[in-house]
Amino acid sequence: MPDERALALQEHLQNHAQKYYAQWARAALQVRLMQISPHRSSTLYHFTLTDGESRQRVVVKTPPLAEAPAQISAITEPATKFRIEYEALAAIHEYFNTMQDPRFAAIRPLDFIAEHSAVVMEEVQEPSLRLLFAKSSRLQPWANPGDLYKCFRHAGSWLRAFHAMARRESATERDTQAQDYFLAIEKFTGLLAAALREREFFERLAQAASGSARGILPEQLPLGLTHGDYALRNLLIGPQQRVRAIDTQAKWLMPIYEDLAYFLIGLVTTWPQVLSQGLAFGSAALLRYEQEFLTGYFEREPIPWETIRLFKIKILLLKWSANLHRMQQLDSGLHARVTKLRRKLLHRFYRKCMESLLQAETHGRKLAA
């Protein structure tokens, strides 16, 4: 049974569809709700628009339903967050369409419904890179993921182009200096040392990361318009391994290494890899995907392996802290036992990944498998 919001959105689409699609200016349209997908940070309403002959799928992204799990932190109020996301989508769509590069695409935004803080956009029926990547797992030897190497190379190239976008009026500089890196390492290692009671390990980690950073990072770090969640699940792969990214407000100007490290740490810490303790994906394949991604980003420039390794350490600490916080509240019974096991496996695997990063050679290419 559709909720009140769904009915209001359906009515809005019925009244405005001709504005979105000129070919339907005089057509009698039917708008049908297909699915409601609740998530932690949003709710997606999937609609189909048709005139009986042609069909278009549209998704409306709104703030989460009242019964959705609470967020760890609420950085931006929903009314502001979703408006910013709509404006970001519009800027990204215009920018990549102007480039006319067959490797890249972007989501087309259609409308912003202020009374519901709702972003209306075309729904793209393309698999995510996470889905294709999962098919390359040792757990699915029968699956065919296609040319993943080209997918990863194009993903790196898309991110480079995105970082080069002109600064948006609402974008704010953040963590722009080497000193911000040192403060983040100190903060996350201190938090984890206290929570996990492994003070010696995290103090050694902080000393090693900060010591290396002092000899490598410039005082002012190179900045780019930051995606903020450049992850396998947020990249859609079209024909010829064409890439489009979703789910960004593009509201920060940050060091380019943040998005790069976030993507690469996400690549090696997927849940299949955590639960299998590194058996789902082999180290050689992961290193090749990393190489393709970074080659796509840096093109003919030398890859700053050691700087990227330092930011991998920072991002892994960030993810470790966030997961620790998320898993602190245990329910009773079976759910509590499952969560406790997941937490144990996660901590063990994250420590393994961190040890590998700390022991990496100067070029920083050794990752836990």
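**A walk through the fold**

Helix H4 passes helix H9 in a right-handed crossing; the near helix is then turned clockwise from the far one by less than a right angle, and in a left-handed crossing anticlockwise. Helices (H or I, at least four residues) and strands (E, at least two) are DSSP runs, numbered from the N terminus. What you have here is a predicted model, in which local features need pLDDT of at least 70 and side-chain atom pairs count only at pLDDT 80 or more, while totals for chains, interfaces and linings use all residues. Residue numbers start from 1 along each chain as its sequence is written, and side-chain values use heavy atoms, with hydrogens and water left out.

H4 covers residues 148-163 and H9 covers residues 283-298. On the H4 side, the residues in contact (heavy atoms within 4.5 Å) include Leu148, Tyr149, Phe152, Arg153 and His163. H9 answers with a set that includes Arg288, Tyr289, Glu292, Phe293 and Phe298.

Now look at a second pair, H6 (residues 199-214) and H10 (residues 305-326). Their crossing is left-handed. From H6, Phe201, Phe202, Leu205, Ala209, Ser212 and Ala213 make the contact, and they meet Glu306, Arg309, Leu310, Ile313, Leu317 and Trp320 of H10.

On to the strands, starting with S5 (residues 118-122). Here 5 of the 5 residues are buried (under 20% relative accessible area; exposed is over 50%, partly exposed in between, with a 1.4 Å probe and protein chains only), so S5 is largely enclosed by the rest of the structure. Ala118, Val120 and Glu122 point one way from the strand, whereas Val119 and Met121 point the other way, and all are buried.

Which strands sit alongside S5? S3 runs antiparallel to S5 and is joined to it by 4 bridges (pairing takes at least two bridges found by DSSP). In this pairing, Val60 stands opposite Val120. S4 (residues 109-113) is also antiparallel to S5, again through 4 bridges, and Pro109 has Met121 as its bridge partner. S4 and S5 make a hairpin with 4 residues between them, and Ser117 in the turn has a positive phi of about 50°.

Is Gly52 buried or exposed? Gly52 is exposed, with a relative accessible area of 67%. Its C-alpha atom is 7.7 Å from that of Leu29, which is 23 residues apart from it along the chain. Thr48, in strand S2, is buried instead, at a relative accessible area of 4%. Leaving aside residues up to four places away in sequence, Thr48 touches Gln30, Val31, Arg32, Met34, Arg55, Gln56 and Arg57.

There's another sheet to find, an open one of 3 strands in the order S6-S10-S7, with mixed pairing. S6 (172-173) and S7 (223-226) are at the edges with a single partner strand each, so one side of each has no neighbour in the sheet. S6 and S10 (residues 252-255) run parallel and are joined by 2 bridges, and Glu173 has Leu253 of S10 as its bridge partner.

Finally, how far can you trust the picture? The chain averages a pLDDT (the predictor's confidence in each residue, from 0 to 100) of 90, and 92% of the residues score at least 70. Residues 68-74 fall below 50, with 8 contacts beyond near neighbours in sequence. Residues 361-369 are also below 50, and that stretch has 35 such contacts in the model. Where pLDDT is low, the predicted coordinates should not be read in detail.

Notes. Axes are lines fitted to C-alpha atoms, for helices over the stretch in contact, and angles run from 0 to 180 degrees between N-to-C directions.
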